[in-house]
Amino acid sequence: MAEPKDFFALLKPRVMQLVVLTAVCGMALAPGSINPFLAIISIVAIAVGAGASGALNMWYDADIDQNMERTRTRPIPSGRVEPDAALGFGILLSILSVMTLGLVSNWFAAGFLAFTIFFYVVVYSMGLKRSTPQNIVIGGAAGAFPPMIGWAAVTGSVSIESFVLFAIIFLWTPPHFWALALFKMKEYGKVGVPMLPNVAGEASTRRQIFAYSLVLVPVAILPFVMGFAGPVYGAVSIVLGALFLKHAYGVLKMADGDERMIPAKKLFGFSILYLFGLFVTLLAETTVTGLIGAVA
C-alpha cells in the first residue's frame with residue numbers, strides 16, 4: 001500500500017527545490033510588494049504546481065521509468081503507487097495550485113502556472129520527449145518559467161528582467177541534461193527516447209554543449225550588467241561561469257568512445273551547483289540590500 005512518502009516522491013522534490021528558489025528570486029526582484037503571508041502561500045502554490053507536473057510526468061513515463069536504472073525505483077514502476085492514483089493525484093494538485101495562486105495573488109500568475117503545467121506535461125512529456133532530440137531544448141522552457149511566475153505573482157505581469165532569469169535557466173538546461181544523456185545514452189537508447197547523443201552522436205552533442213555554454217555564461221552575467229543585481233552577484237556569476245566553461249571545454253575535448261565519461265559527469269554535477277549558486281547569490285544579495293535600505 002502506498003505511503004505518504006511515496007506520493008511525496010511523485011512530486012520530484014529535488015526539482016521542487018529549484019522551482020521554489022527561482023520563484024522566490026522572481027518575487028524578491030519584482031518591483032512592488034506583496035503581503036508576506038500571501039507570498040508564502042503563493043510560493044507553496046507554485047511549488048505544488050511543479051510537483052503536480054512531476055506526478056503527471058511520472059504517470060505518463062512509467063513505461064520508460066521501469067526500464068531505466070536511475071528511474072526504476074520511482075513510485076509507479078516499483079509498484080508502490082498505482083498509475084491511476086498518480087494521475088488523479090497530479091490532476092488534483094494541478095487544479096488546487098492554480099486556483100490557490102489565483103485567489104491569493106492574481107489570475108495572470110495563476111494562468112501562467114496553468115500554462116507551465118500544460119507545457120511540461122502535454123507539450124514536453126507527451127509530445128516532444130519521445131519524438132525529437134530537441135526535446136530538452138524546447139521542453140526546458142517549462143523549468144525556466146518559475147521566476148517569471150514569481151515575478152507575475154507580485155506585479156501581475158512580466159518584464160525584461162524576469163525574462164533574463166528565464167533565459168538563464170532555459171540556456172542552462174541543454175548542457176545540464178545533455179551531459180547526463182552522454183553517460184546515460186545506452187539507457188535512453190534502450191527505451192527509445194531520442195536524446196541528442198543517440199541521434200546526432202557524441203561529437204555533435206559535445207559541440208552543442210559547449211556552444212550553449214558559451215551563450216549561457218554571458219547571459220547569466222546580465223542581471224548585474226542591467227543593474228537589477230549587485231556586484232557580489234556579478235563577481236560570483238563571472239567566477240562560476242569561468243568554471244562552467246572549463247567543464248564544458250573538458251566535455252568538448254573528450255575522446256570519442258570514452259566509456260568512463262568523467263568530464264560529462266563532472267559537468268553534470270557542477271551544473272547543478274552553478275545554477276543554485278547563481279540564484280542563491282541573487283536572492284541573498286537582494287535580501288541584504290533590501291534590509292539595509294529599510295534600516296537606512
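A salt bridge is a side-chain nitrogen of Lys or Arg within 4 Å of a carboxyl oxygen of Asp or Glu. Lys184 and Glu187 meet that criterion, with their closest N and O atoms 3.5 Å apart. The model is a predicted one. Its protein chain has 14 helices and zero strands, and the structure holds eight salt bridges.

**Overall fold**

- Along the sequence the protein chain reads α-α-α-α-α-α-α-α-α-α-α-α-α-α.
- The radius of gyration of the protein chain is 19 Å, close to the 19 Å that the globule rule gives for 296 residues, so the chain is as compact as a globular protein of that length.
- Taken along the principal axes, the C-alpha atoms of the protein chain fill a box of roughly 60 × 45 × 30 Å.
- Of the contacts in the protein chain between residues at least 6 apart in sequence, 73% join residues at least 24 apart.
- Buried residues account for 50% of the 296 residues in the protein chain.
- The protein chain has an accessible surface of about 13,100 Å², and carbon and sulfur atoms hold 69% of that area.

**Nonpolar cores**

- The largest nonpolar core has 82 residues, and the members that touch the most others are Leu101, Ile168, Trp178, Tyr274, Leu278 and Phe279.
- Helix 9 (residues 160–183) supplies the largest share of this core, with 13 residues.
- Apart from this core lies another, of seven residues, including Met58, Ala62, Ile76 and Val81.
- Setting aside neighbours within four places in sequence, Ile168 is in contact with Leu216, Val219, Ala220, Pro223, Tyr233, Leu275, Leu278 and Phe279.

**Nonpolar surface patch**

- On the surface, Ile91, Ile95, Met99, Leu103 and Trp107 form a nonpolar patch with about 540 Å² of accessible area together.
- Helix 5 (residues 83–104) gives the most to the nonpolar patch, contributing four residues.
- Leu103 is located in helix 5.
- Leu103 counts as exposed because its relative accessible area is 66%, against a cut-off of over 50%.

**Salt bridges**

- Side chains of opposite charge can pair when their charged atoms come close.
- In the Lys184–Glu187 pair, Glu187 is buried, at a relative accessible area of 11%.
- Arg74 forms a salt bridge with Asp65, where the closest N and O atoms are 3.2 Å apart.
- Asp65 has a relative accessibility of 2% and therefore counts as buried, the limit being under 20%.
- Asp256 and Arg206 meet through their side chains in a salt bridge, at 2.8 Å from N to O.
- This pair links distant parts of the chain, 50 residues apart: Asp256 sits in the loop between helix 13 (231–252) and helix 14 (262–295), and Arg206 sits in helix 12 (residues 202–225).
- Within the pair, Asp256 is exposed at 61% relative accessibility, whereas Arg206 is buried, with a relative accessible area of 6%.
- A network of salt bridges links Asp61, Asp63, Lys129 and Arg130.

Terms used:
Residues are numbered from 1 along each chain as its sequence is written. This is a predicted model: local features need pLDDT of at least 70, side-chain atom pairs count only at pLDDT 80 or more; totals for chains, interfaces and linings use all residues. Side-chain values use heavy atoms; hydrogens and water are left out. Patches are made of residues with over 30% relative accessible area and no salt bridge: like charges are joined within 9 Å, nonpolar side chains (Val, Leu, Ile, Met, Phe, Trp, Tyr) within 5 Å. Accessible areas come from the Shrake-Rupley method with a 1.4 Å probe; for residues, only the protein chains shown count as cover. Helices (H or I, at least four residues) and strands (E, at least two) are DSSP runs, numbered from the N terminus. Buried means under 20% relative accessible area, exposed over 50%, partly exposed in between (1.4 Å probe, protein chains only). A nonpolar core is a set of buried Ala, Val, Leu, Ile, Met, Phe, Trp, Tyr and Cys residues joined through side-chain atoms within 4.5 Å. Contact means heavy atoms within 4.5 Å. The radius of gyration is taken over C-alpha atoms; the globule rule is 2.2 Å times the number of residues to the power 0.38.
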